[in-house]
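Thank you all for coming. Please take a moment to look at the sequence and the structure before I talk you through them.

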Amino acid sequence: PGLLQSLQKVAAVCPSWARLTERDAWPAAHAYLFQEPGSKLELRQRYSESMQRILVKDWIRRGLPGGAALSTEALAAEALAA
């Protein structure tokens, strides 16, 4: 599973893990991915926006003559760079 899904699974273990995840893990994940502080909500929004931009870019590439779809790894790398 991806990072966001893993954090959700950890938070579901018990209430104390949910509090720790909310307090520490979500902000740490945001800082890791976007190199700046942020909350769980900001992480979800930015991640979703990044994925939407990348999927549109990939869709455009597929429609261009000679264009090819990006691999899963290339999409993920581009998402982190966005």
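Let me begin with a question: is Arg23 buried or exposed? In this predicted model, Arg23 counts as exposed, because its relative accessibility is 55%. Its partner in a salt bridge is Asp24, where the closest N and O atoms are 2.7 Å apart, and Asp24 counts as partly exposed, at 38% relative accessibility.

Among the elements, helix H2, residues 15-34, has the highest mean pLDDT, 92, whereas helix H4, residues 72-81, has the lowest, 67.

Now to the charged pairs, of which the whole structure holds 3 as salt bridges. Side chains of opposite charge can pair when their charged atoms come close. Glu22 and Lys40 meet in this way at 3.5 Å, N to O, and the pair links helix H2 with helix H3, across 18 residues. Glu36 and Arg46 form another salt bridge, at 2.9 Å between the closest N and O atoms; Glu36 lies in the loop between H2 and H3 and Arg46 in helix H3, so this pair ties together parts that are 10 residues apart in sequence.

Definitions and conventions: Residues are numbered from 1 along each chain as its sequence is written. This is a predicted model: local features need pLDDT of at least 70, side-chain atom pairs count only at pLDDT 80 or more; totals for chains, interfaces and linings use all residues. Side-chain values use heavy atoms; hydrogens and water are left out. pLDDT is the predictor's confidence in each residue, from 0 to 100. Helices (H or I, at least four residues) and strands (E, at least two) are DSSP runs, numbered from the N terminus. A salt bridge is a side-chain nitrogen of Lys or Arg within 4 Å of a carboxyl oxygen of Asp or Glu. Buried means under 20% relative accessible area, exposed over 50%, partly exposed in between (1.4 Å probe, protein chains only).
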